[in-house]
Every structure is written in structure tokens, then in C-alpha cells.
Amino acid sequence: MKKAITLLACIAALFGAAATPASAGAPSALTVTLTKTVGTTPGVCGTESTITVAPGTTVYYCYTLTNDSTMTAELHNLVDDQLGNLLESVEYNLLPGASVNTVALGITADAVITTTTTNTAVWEVCARVLIPSGRTAQGPVQFDCSGDMASATVMVQAPTTSTGPSSST
């Protein structure tokens with residue numbers, strides 16, 4: 001609940017509008033899908049959500065958000081439980097049916113992996129909803145907010161030990 005209050009406070013600060021969800025208690029009309037992938041090439045979205053690497057490998061996470069609704073998603077927050085805040089109250093118009101990823105937004109989300117790691121991200125978005133005249137509302141503009149969660153896993157290979165032929169002296 002704290003995250004929702006923080007997001008609504010950010011909305012109020014950015015847009016100067018009522019920090020109240022447009023449909024309190026009702027399902028959101030704004031729907032999004034988050035996909036998280038991981039790879040070993042910088043500047044490119046990986047294609048897998050689980051990979052195996054050698055210890056000490058730098059991996060690059062990519063977060064792709066698709067707007068599945070008929071509303072434009074305007075305000076974005078992206079938090080990864082291992083990497084922290086990647087987007088915080090960022091204004092970006094994600095049109096209905098469109099997708100955007102962190103690589104395209106210029107965000108590098110990398111980590112040096114020494115142990116098997118699974119991390120989970122949440123991408124939250126909000127869209128402005130104009131309140132028709134004559135309707136009771138807490139302000140002329142309210143917000144419809146939604147979000148999705150996705151995870152990726154990087155498994156670390158066990159080190160290989162080579163045993164050569166033993167020599168006797």
C-alpha cells in the first residue's frame with residue numbers, strides 16, 4: 001500500500017492533479033504486461049528469462065512493457081528488488097498497443113553475477129483520466145494506475161576442476 005501512496009503523491013506533484021485513483025475499488029482500465037529478459041551483451045535485450053553463466057560474468061537485464069489497454073500510459077516507475085529504482089516518476093507516453101524497453105530508454109541494468117540470482121521487478125504506470133463535467137470528482141483530472149511483475153534468473157556454473165595425469169618421480 002505504501003508504494004501506491006508514493007506513486008499517487010508523485011502524480012500529484014508532477015501533474016498538479018488530484019492524487020486519487022479514478023476508479024477507487026474498481027479494476028483498472030489501464031492494463032500492461034511486463035517481460036524481463038537477461039543476456040550477456042550490453043545494449044541488447046536478451047531473449048531468455050533464465051540463463052547460465054560462469055562466476056563473475058556481467059549480465060544485462062532488459063525490461064519490456066507492453067500497453068494492453070486503450071489508454072496512454074503516461075507516468076512510469078520501475079523497481080527491481082536487486083537493482084533498485086530504474087525509473088522513478090518518469091513521464092513517457094506509451095500509446096495503446098505499443099511497447100518500450102529499458103534499452104531503448106537508455107537504461108543499463110547490469111550486474112556481476114557470482115552466485116545464482118533471481119530478481120523480480122515491478123513496473124507501474126498511470127494514465128490521466130478526465131472527469132466529464134457534471135460528475136462528482138476530487139478534481140478535474142484523476143489517474144488510472146496499473147502494473148505488472150516479472151522475474152529473471154541467472155544460474156552460475158559450478159567451476160570445473162581439471163585433473164591431469166599424476167606423475168611419479
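The structure is a predicted model. The chain has a mean pLDDT of 83, and 72% of its residues reach 70 or more. Its largest nonpolar core comprises 29 residues, and a search of the whole structure finds two disulfides.

**Confidence**

- The mean pLDDT of 83 applies to the protein chain, but over residues 1–26 the pLDDT is below 50.

**Nonpolar core**

- Within the largest nonpolar core, the residues that touch the most other members are Val-59, Tyr-61, Tyr-63, Ile-113, Trp-123 and Val-154.
- At least two residues of this core come from each of the strands E1 (32–39), E2 (50–53), E3 (57–67), E4 (73–80), E5 (84–94), E7 (109–113), E8 (117–130) and E9 (141–156).
- In soluble globular proteins, nonpolar side chains tend to be buried together.
- Tyr-61 has contacts that lie beyond its neighbours within four places in sequence; among them are Lys-36, Thr-37, Val-38, Leu-83 and Thr-102.
- Further contacts of Tyr-61 include Ala-109, Ala-111, Ile-113, Asn-119, Ala-152 and Val-154.

**Leu-34 in strand E1**

- Leu-34 is found in strand E1.
- With a relative accessible area of 6%, Leu-34 falls under the 20% limit and is therefore buried.
- Leu-34 and Leu-65 are separated by 31 residues in sequence, yet their C-alpha atoms are 4.6 Å apart in space.
- Leaving aside neighbours within four places in sequence, Leu-34 is in contact with Tyr-63, Thr-64, Leu-65, Ala-121, Val-122, Trp-123, Asp-148, Met-149 and Ala-150.

**Strand E4 and its partners**

- Strand E4 is largely enclosed by the rest of the structure, because seven of its eight residues are buried.
- E4 and E5 run antiparallel and are joined by six bridges.
- Three residues lie between E4 and E5, and the two strands form a hairpin.
- Val-79 has Asn-85 in E5 as its bridge partner.
- E4 also pairs with E8 in the antiparallel sense, over six bridges.
- Asn-77 stands opposite Glu-124 in E8.

**Disulfide Cys-45 to Cys-62**

- Cys-45 and Cys-62 are joined by a disulfide with an S to S distance of 1.9 Å.
- This pair links distant parts of the chain, since Cys-45 lies in the loop between E1 and E2 while Cys-62 lies in strand E3, 17 residues apart.
- Cys-45 has 25% relative accessibility and counts as partly exposed, whereas Cys-62 is buried, with a relative accessible area of 0%.

**Disulfide Cys-126 to Cys-145**

- A disulfide also joins Cys-126 to Cys-145, with an S to S distance of 2.0 Å.
- Distant parts of the chain are linked by this pair: Cys-126 belongs to strand E8 and Cys-145 to strand E9, 19 residues apart.
- The torsion about the S-S bond of Cys-126 and Cys-145 is about 105°, so this disulfide is right-handed.
- Cys-126 is buried at 1% relative accessibility, whereas Cys-145 is partly exposed, with a relative accessible area of 25%.

**Pairing order**

- When the bonded cysteines of the protein chain are numbered in sequence order, the pairing is 1-2, 3-4.

Terms used:
Residues numbered from 1 in each chain as written. Predicted model: local features only at pLDDT ≥ 70, side-chain atom pairs only at ≥ 80, totals over all residues. Heavy atoms only, no water. Core = buried A, V, L, I, M, F, W, Y, C linked by side-chain atoms within 4.5 Å. Buried < 20%, exposed > 50% of the residue type's maximum accessible area, 1.4 Å probe, protein only. Helix = DSSP H or I, 4+ residues; strand = E, 2+ residues; numbered from the N terminus. Contact = heavy atoms within 4.5 Å. pLDDT = per-residue confidence, 0-100. Pairing = 2+ DSSP bridges. Disulfide = S-S within 2.5 Å.
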